[in-house]
Amino acid sequence: MKKALITGASSGIGRSMSFSLASMGHELILVARRLQRLEELKKELLSLYPHLKIKLIDSDVNSPDLGKRIAEASNEKIDVLINNAGLALGKDFVQDSQWSDLEMMIQTNIMANFKLVHLVLPWMLKHGEGDIINLCSVAGHHSYQGGAVYCATKHAVHSFTQALREETCGKNIRIMQISPGMVETEFSLTRFKGDQTTAENVYAGMKALSADDIADMMQFMLSRPRHVVIDEIITMPMAQGSPTKVVRSN
Ligand SMILES: NC(=O)c1ccc[n+]([C@@H]2O[C@H](COP(=O)([O-])OP(=O)(O)OC[C@H]3O[C@@H](n4cnc5c(N)ncnc54)[C@H](OP(=O)(O)O)[C@@H]3O)[C@@H](O)[C@H]2O)c1
């Protein structure tokens, strides 16, 4: 039985991925700040998979004691790390942004992501096997105005993933990355700080990807034979041509 650690499991892509990993029979360790959401998710998962082992860690990924809690919950054995927790905050130009927002993106999208790999990779190497999927973005390939720091954080993830792939080559560790375009989750609600109308307008007149679409891709990557590594999936909805080009029906 494989053990999967998913950060940002309380919403969106991480939540959908939890169902996919459960369907694959993996034990789950779910991390997010909103405990109630995690508890509801656990209940739903157990109603589908009554024998599934699920542990919840209600924590900020930036919390200094997260590593200790993960070590205890996993007994220092993680087979699959889904490094998913992340966010964009605001869409202002740099000079108009709040520094605390930029700092939060850097801490969460870069520092916490790298720290988890630093924690878990030695356990994978010791056990001789492991899969890591980092959630990057098309913003990790193409920067756009109003997203300077978010794009920079995802470029950092992309670069980190590429180097890790070289470092772990030949060690039975698969380092992979998914880079989506627009996925309709709580991402925009968070970005626009609870402004529902602005968040909904992001997806107006077009069909965005769903969190389940991304979870399907994750499942495909993980279910390949072990000699097959899907380095990266870059995916956008039909109506999106690039981070800055979207065609809407009205
Ligand atoms: N949606 C998109 O269009 C899109 C496109 C490309 C890439 N992505 C990436 O996909 C990943 C998932 O985003 P999503 O679309 O699923 O957004 P979402 O619905 O807003 O989910 C974000 C998740 O991250 C968790 N999270 C955020 N900050 C955290 C923190 N400091 N500590 C712990 N957990 C934290 C949230 O949980 P709590 O709030 O409960 O802590 C939530 O579960 C992100 O890395 C995002 O950058 C999204």
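Residues are numbered from 1 along each chain as its sequence is written. In this predicted model, local features need pLDDT of at least 70 and side-chain atom pairs count only at pLDDT 80 or more, while totals for chains, interfaces and linings use all residues.

Q: Which helix gives the most to the shell around the ligand?
A: The ligand is surrounded by 30 residues, a residue being near a molecule if its C-beta atom, placed from the backbone, lies within 6 Å of it. Helices are DSSP runs of H or I with at least four residues, and strands are runs of E with at least two, numbered from the N terminus. At least two shell residues come from each of helix 1 (12-23) and helix 6 (187-191), and the one that gives the most, with three residues, is helix 1.

Q: How many of the twelve residues of helix 1 are buried?
A: A residue is buried if 20 or more other C-beta atoms lie within 10 Å of its own, exposed if 12 or fewer, and partly exposed in between, with C-beta atoms placed from the backbone. The buried residues of helix 1 include Gly12, Arg15 and Leu21. Helix 1 is mostly covered, and the number buried is ten.

Q: Is Lys193 buried or exposed?
A: Lys193 lies in the loop between helix 6 and helix 7 (196-202), and has a positive phi of about 55° although it is not a glycine. Because 11 other C-beta atoms lie within 10 Å, Lys193 is exposed.
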